[in-house]
Amino acid sequence: MSASETIGDGRIVQGAKVWDLPTRLMHWALVVSIGVCWWTGINDQLEYHLYSGYVALWIVLMRLYWGLVGSSTARFVNFVRGPRAVLDYARTLHRRDTPHIHGHNALG
């Protein structure tokens, strides 16, 4: 996903990359595999349904791996927050002055 990013001197950079290519590919491949799971399940194509389920499982496992060793924006330690951070962030939503976060915010 591309986004606007404010850099140190206040300038806004358009088109800053938020997630790396492997993360993007895994997310879209998961969307496609779940769609195939749904379609094959409705149309009684159970052999393909099973294969697409394995593909979805493999993608989730690869994403878990990539969340541990991948690029800085893909790592879980950079966007998974504790309950206190989530509540603190949620309290700022009504003021509409929440801090800009590159990637997932605490609620995400």
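**View 1. Helices H1 and H2 are roughly antiparallel to each other.** The model shown is predicted. Their packing angle is about 160°, and angles over 145 degrees count as roughly antiparallel. The two axes lie 8 Å apart. The crossing of H1 and H2 is left-handed.

**View 2. Residues from H1 and H2 make the contact.** On the H1 side, the contact residues include Pro22, Met26, Leu30, Ser33, Val36 and Gly41. On the H2 side, they include Tyr48, Ser52, Val55, Ile59, Arg63 and Trp66.

**View 3. Helix H1 spans residues 21-42.** H1 has 22 residues. From its first C-alpha to its last, H1 reaches 32 Å, close to the 32 Å expected at 1.5 Å a residue. After H1 comes Asp44, with a positive phi near 55°.

**View 4. H1 has a buried side and a face turned away from it.** Buried in H1 are Thr23, Met26, Ser33, Cys37 and Thr40. Seen down the axis of H1, the buried residues fall within an arc of 120°, so they line one face of the helix. These buried residues pack against helix H2 (46-69). The face turned away from the buried side carries exposed residues: Leu21, Trp28, Val32, Trp38 and Ile42.

**View 5. Thr40 is a residue of helix H1.** Thr40 counts as buried because its relative accessibility is 3%, and the cut-off for buried is under 20%. Leaving aside residues up to four places away in sequence, Thr40 touches Gln45, Tyr48, His49 and Ser52. Thr40 of H1 is also among the residues that make the contact with H2.

Technical notes: Residues are numbered from 1 along each chain as its sequence is written. This is a predicted model: local features need pLDDT of at least 70, side-chain atom pairs count only at pLDDT 80 or more; totals for chains, interfaces and linings use all residues. Side-chain values use heavy atoms; hydrogens and water are left out. Helices (H or I, at least four residues) and strands (E, at least two) are DSSP runs, numbered from the N terminus. The expected span of a helix is 1.5 Å times one less than its number of residues. Buried means under 20% relative accessible area, exposed over 50%, partly exposed in between (1.4 Å probe, protein chains only). The arc is that of the directions from the helix axis to the C-beta atoms. Contact means heavy atoms within 4.5 Å. Axes are lines fitted to C-alpha atoms, for helices over the stretch in contact, and angles run from 0 to 180 degrees between N-to-C directions. Angles under 35 degrees count as roughly parallel, over 145 as roughly antiparallel, 65 to 115 as roughly perpendicular and the rest as oblique. A crossing is left-handed if the near helix is turned anticlockwise from the far one by less than a right angle, and right-handed if clockwise.
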